[in-house]
Amino acid sequence: MRNLQFPMPWDSIFGYVGFPAFLKPFDGGGWKDVYKVNNPEEFFHAYDQSRDLCMTLQRGVKFKEYFRCYVVGQEKVHIMQYDPSAPFHERYVKNPAPVDPKLLERVKRDAITLCKALGYDLNTVEFACEDGIPYAIDFMNPAPDADIHSVGEENFHWIVDNVAELSEYRWSTFLAGSEPEAATIKPVKAVKTPKSATKG
Ligand SMILES: Nc1ncnc2c1ncn2[C@@H]1O[C@H](COP(=O)(O)OP(=O)(O)OP(=O)(O)O)[C@@H](O)[C@H]1O
Ligand SMILES: [Mg+2]
């Protein structure tokens, strides 16, 4: 919050983000309190309904591709093509059109980078892609949707298997009697300052 200014410099914020834009909770879900705003009037109308929620304002990405990615253990990524405009049960695209492998590679890499930065072992990261550039627009979902009726059978099995393997890995470390990974970080030894360095 150290960069927070008051009053907010709205004109420069609107100039920076542009319109249309999305005003939404930083950690929302189920499209709750998500507003698409086309001008400052619409923005303030939405803002005035946001109560004490912590909101973010994002540029509206004119996306061609849209991906929702499961990320497990900050290393395994399952990329799902997603159509947010489809009815609820058809959003996870069943027979997706082929996508540039380079774009998928970047989506995978960026999803891992984000989860490492956030420290999330489980997450869904959503990317809206415009002109071949993936923009992460929704990436704080540590309890992601994994309902078989919504994600479909294949995605459901992927997430169940990979989360099961993740916990197996962690527990087996304890059961084997060896130290868990975190404990292997060596304590930093105090470095003695040579006398010569303190002179003067
Ligand atoms: N910056 C953006 N650019 C373009 N579209 C956006 C943007 N932010 C949100 N949207 C649209 O609004 C929808 C809901 O936004 P978002 O995913 O952030 O909310 P949510 O409450 O987490 O929804 P869900 O639970 O479905 O993920 C997105 O699927 C997308 O269609
Ligand atoms: Mg979302």
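Reader: In which strand is Ala-128 found?
Author: The model is a predicted one. Within it, the residue Ala-128 belongs to a strand. That strand is S6.

Reader: Is Ala-128 buried or exposed?
Author: A residue counts as buried when its relative accessible area is under 20%. Ala-128 has a relative accessibility of 1%. Ala-128 is therefore buried.

Reader: Which residues coordinate the magnesium ion (ligand 2)?
Author: The coordinating atoms are an OE of one residue and an OD of another, at 2.1 to 2.3 Å. The two residues are Glu-126 and Asp-138.

Reader: Which strands hold Glu-126 and Asp-138?
Author: The pair is twelve residues apart. Glu-126 falls within residues 122-130 and Asp-138 within residues 133-138. The strands are S6 for Glu-126 and S7 for Asp-138.

Reader: Does Glu-126 count as buried or exposed?
Author: The cut-off for buried is under 20% relative accessible area. Glu-126 is at 3% relative accessibility, so Glu-126 counts as buried.

Reader: How many bridges join strand S4 to strand S5?
Author: Strand S4 spans residues 65-72 and strand S5 spans residues 76-81, and they run antiparallel. One pairing sets Phe-67 against Gln-81 in S5. The number of bridges between S4 and S5 is six.

Reader: Which residue in the turn between S4 and S5 has a positive phi?
Author: S4 and S5 form a hairpin, with three residues between them. The phi in question is about 65°. The residue is Gly-73.

Reader: How much accessible area do Trp-171, Phe-174 and Leu-175 have together?
Author: Trp-171 is located in helix H5, residues 153-175. Trp-171 has a relative accessible area of 57%, so it is exposed. With Phe-174 and Leu-175, Trp-171 forms a nonpolar surface patch whose accessible area is about 430 Å².

Reader: What percentage of the 200 residues in the protein is buried?
Author: The protein has six helices and seven strands, running α-β-β-α-β-β-β-α-β-β-α-α-α from the N terminus. It exposes about 14000 Å², of which carbon and sulfur atoms supply 57%. Of the 200 residues, the buried share is 32%.

Definitions and conventions:
Residues numbered from 1 in each chain as written. Chains lettered and ligands numbered in written order. Predicted model: local features only at pLDDT ≥ 70, side-chain atom pairs only at ≥ 80, totals over all residues. Heavy atoms only, no water. Donors = N, O, S within 2.8 Å, 3.2 Å for Na, K, Ca; no water. Helix = DSSP H or I, 4+ residues; strand = E, 2+ residues; numbered from the N terminus. Buried < 20%, exposed > 50% of the residue type's maximum accessible area, 1.4 Å probe, protein only. Pairing = 2+ DSSP bridges. Patch = residues over 30% accessible without salt bridge, like charges linked within 9 Å, V, L, I, M, F, W, Y side chains within 5 Å. Areas by Shrake-Rupley, 256 points an atom, 1.4 Å probe, with all protein chains shown as cover. Salt bridge = Lys/Arg side-chain N within 4 Å of Asp/Glu carboxyl O.
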